[in-house]
Amino acid sequence: MWCSRMALRRLQRITPLNVTGVLTSNVRREMSSLPRVYVTRQIPPEGLKTLRESGQVQCQLWDSDDVPVPRQELLQRVKGVDALLCVLTEKIDAELLDAAGPNLKVLSTMSVGFDHLSLEELKKRGIRVGYTPDVLTDSVAELTVALLLTTSRRLVEATHEAKTGGWGTWRTLWLCGYELANSTVGIFGLGRIGVAIAERLAPFKVKKFIYTDVAPRPELASLINAEYVSFDEMAKRSDFLAVCCALTPETKEICNKDLFSKMKNTSIFINTSRGGVVNQDDLYEALSTGQIAGAGLDVTVPEPLPTNHPLFTLKNCVILPHIASASFTTRNAMSVLAANNLLLGLRGEPMIKELKL
């Protein structure tokens, strides 16, 4: 498994630092003829440093981390660029690609998910696509375990009670939750992250790991001694169900009333993949009626989820603002990987992580 800290050190060595000191007029002229790159967000500093000090591109960026670039501004800024580095808040579709024009040959997204990209349009135009899997495995797995424990042991409720005077005399069943010991943990989508989650949960004395995917994955499953089961079997047997799958047309809203109706009323549902795999109306119904015991979500539709959304009214639903990869080490590693994917793509070389369209 590719640790994000080790990955960052390796990625920083890939692109040599060519720009030093004061630029001469000759260097300025040379730089003006370099490929033009637009960066749609103020990405973490190590990635920007990789681009700027490569000496291979001239960069422009939307210099904000708080506010996404407005759509009309983005459509103007991408005109004539040779490469684009984006994040998951930007929709890369036919309109944007038309605005960019024929010079655009490389797109690099600082994300592991790519549901914000119109892959067919990119393929049709021969645009290469880089993305950033693997480097965020550890941070996402850690956050998933934290969210699972927070939800199952009702930590948000307990903190609220302690702060607001609900903490009275000791009571035998007050704020009781559910233990991992002797439980069955289901994993929907067994990739690197699913394996990393199971590895972290195993010391809690989990009795059994089960999983489902588009097909059995025996090599990965053997690492955690997991059993392949059907989607329905996973729903019925899981005490804790962690969703780690990609968002595709096949998985869109696959976690719906049919799934929740098969789960135990003591089950905990966790989603750190993409919000679109869950039908949130069905989840609200399952939680509010006690059909399942609780849910922890790091991803929603839309993002941010409106503060008046019904899910926020439930004590048994913990919602985080999409922070699974939010560690300094991981986000810097993602930005450096995205930068190097872009630079390698512009040189016509194999990217470190490229989507095969």
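The predictor's confidence in each residue is expressed as pLDDT, on a scale from 0 to 100. For this protein, a predicted model, pLDDT averages 93, and 91% of the residues score at least 70. Where pLDDT is low, the predicted coordinates should not be read in detail.

Residues are numbered from 1 along each chain as its sequence is written. In this predicted model, local features need pLDDT of at least 70 and side-chain atom pairs count only at pLDDT 80 or more, whereas totals for chains, interfaces and linings use all residues, and side-chain values use heavy atoms, with hydrogens and water left out.

The protein contains 14 helices and 13 strands, these being DSSP runs numbered from the N terminus (helices H or I, at least four residues; strands E, at least two). With a radius of gyration of 23 Å, close to the 21 Å that the globule rule gives for 357 residues, the protein is as compact as a globular protein of that length; the radius is taken over C-alpha atoms, and the rule is 2.2 Å times the number of residues to the power 0.38. The C-alpha trace spans about 80 × 50 × 35 Å along its principal axes.

Two helix pairs were examined, using axes fitted to C-alpha atoms over the stretch in contact and angles from 0 to 180 degrees between N-to-C directions. Helix α3 (residues 45-52) packs against helix α14 (residues 328-346) at an angle of about 25°, the axes lying 6 Å apart, which makes α3 roughly parallel to α14 (angles under 35 degrees count as roughly parallel, over 145 as roughly antiparallel, 65 to 115 as roughly perpendicular and the rest as oblique). The crossing of α3 and α14 is right-handed, meaning that the near helix is turned clockwise from the far one by less than a right angle. Pro 45, Glu 46, Gly 47, Thr 50 and Leu 51 of α3 make this contact with α14 residues including Asn 332, Val 336 and Leu 343. By class, the contact of α3 with α14 has 6 nonpolar, 5 polar and 1 charged residues, where Ala, Val, Leu, Ile, Met, Phe, Trp, Tyr, Cys and Pro count as nonpolar, Asp, Glu, Lys and Arg as charged, and the others, Gly among them, as polar.

In the second pair, the axes of α7 (residues 137-152) and α9 (residues 192-201) come within 9 Å and cross at roughly 50°, so that α7 is oblique to α9. This crossing of α7 and α9 is likewise right-handed, and the contact residues comprise 8 nonpolar, 2 polar and 4 charged.

Key:
Contact = heavy atoms within 4.5 Å.
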